[in-house]
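Hello,

Here is the structure we spoke about, with notes on what turned up in it. Please keep it open while you read.

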Amino acid sequence: MHSLSSRSPAHPTSAPSGEACTVSAEFHDVLQREADAAHVRQLYGEAVGNARVGVLDIGTGTGRVTPLGLTGSDVNVHADEPARSMQRHPDDPARVLPADARERITVHPCTLPETGLRGVAGVAICHNTLACLDPSSRRRLHPAVTEALCPGGVFLLQLPPAARLPRVRTVHPLPAQPLGAVSRIMCGAR
């Protein structure tokens, strides 16, 4: 796995959305891993399978699109993720892939506009990310996608949920997710 950055460590991304997922990063996959992986395969599997140049995973998070790009095609995968809380996620699905597959990944620990990528992908996917971006970041994203895509490339974008808040308080209980010894420690039992 390769990691590239066009910014120096002393000059982190200043976009307010860069760390929007910090609060939930450690629980992200625990709560939605299996359902999200199936959803990603359903939404993007065919496009990734048809990719002939590369796959671009915009805002990779804990990585659902990246492994699909590696197992569903033979092309290189570029993944950008500016949020440090998501970059070194211990449950990164790419870590269990064979070494030859991991060699096709380049992780850019910055925003897509900061990568400067040009013509590297036939398919760009922005899954579960757009809602986390402020308006300024969204405006910078679209020209960067255009630059990163090859002529005739496809941009698949998951739209954020409706901006309206529900009229009544809505609670969605999440199912318990057993984690073995970790769950007992987190609950205080020994």
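Which residues have the most contacts inside the largest nonpolar core? They are Tyr-44, Val-48, Val-55 and Ile-125, in a core of 16 residues. Bear in mind that this is a predicted model. At least two residues of this core come from each of α1 (28–49), α2 (65–71), β4 (105–108) and β5 (121–126). Apart from it lies another core, of 14 residues, including Ala-124, Leu-133, Leu-141 and Ala-144. As background, nonpolar side chains in soluble globular proteins tend to be buried together.

Val-48 is worth a look. Setting aside neighbours within four places in sequence, Val-48 contacts Val-55, Leu-68, Gly-69, Gly-72, Ser-73 and Ile-125.

Next, Thr-60. Thr-60 sits in the loop between β2 (54–58) and α2. Thr-60 counts as buried because its relative accessibility is 14%, under the 20% cut-off. Its side chain makes a polar contact of 2.6 Å with the side chain of Asp-57. Not counting residues up to four places away in sequence, Thr-60 also touches Thr-66, Ala-79, Asp-80 and Glu-81.

Last, charges. The structure holds 1 salt bridge, in which the side chains of Arg-118 and Glu-147 meet at 2.7 Å, N to O. The pair links distant parts of the chain, 29 residues apart: Arg-118 is in the loop between α5 (112–115) and β5, and Glu-147 is in helix α6 (residues 135–148). Arg-118 counts as exposed, at 56% relative accessibility, whereas Glu-147 is partly exposed, with a relative accessible area of 38%.

Regards

Terms used
Residues numbered from 1 in each chain as written. Predicted model: local features only at pLDDT ≥ 70, side-chain atom pairs only at ≥ 80, totals over all residues. Heavy atoms only, no water. Core = buried A, V, L, I, M, F, W, Y, C linked by side-chain atoms within 4.5 Å. Buried < 20%, exposed > 50% of the residue type's maximum accessible area, 1.4 Å probe, protein only. Helix = DSSP H or I, 4+ residues; strand = E, 2+ residues; numbered from the N terminus. Contact = heavy atoms within 4.5 Å. Polar contact = N/O pair within 3.5 Å; in protein donor to acceptor, adjacent residues only side chain to side chain. Salt bridge = Lys/Arg side-chain N within 4 Å of Asp/Glu carboxyl O.
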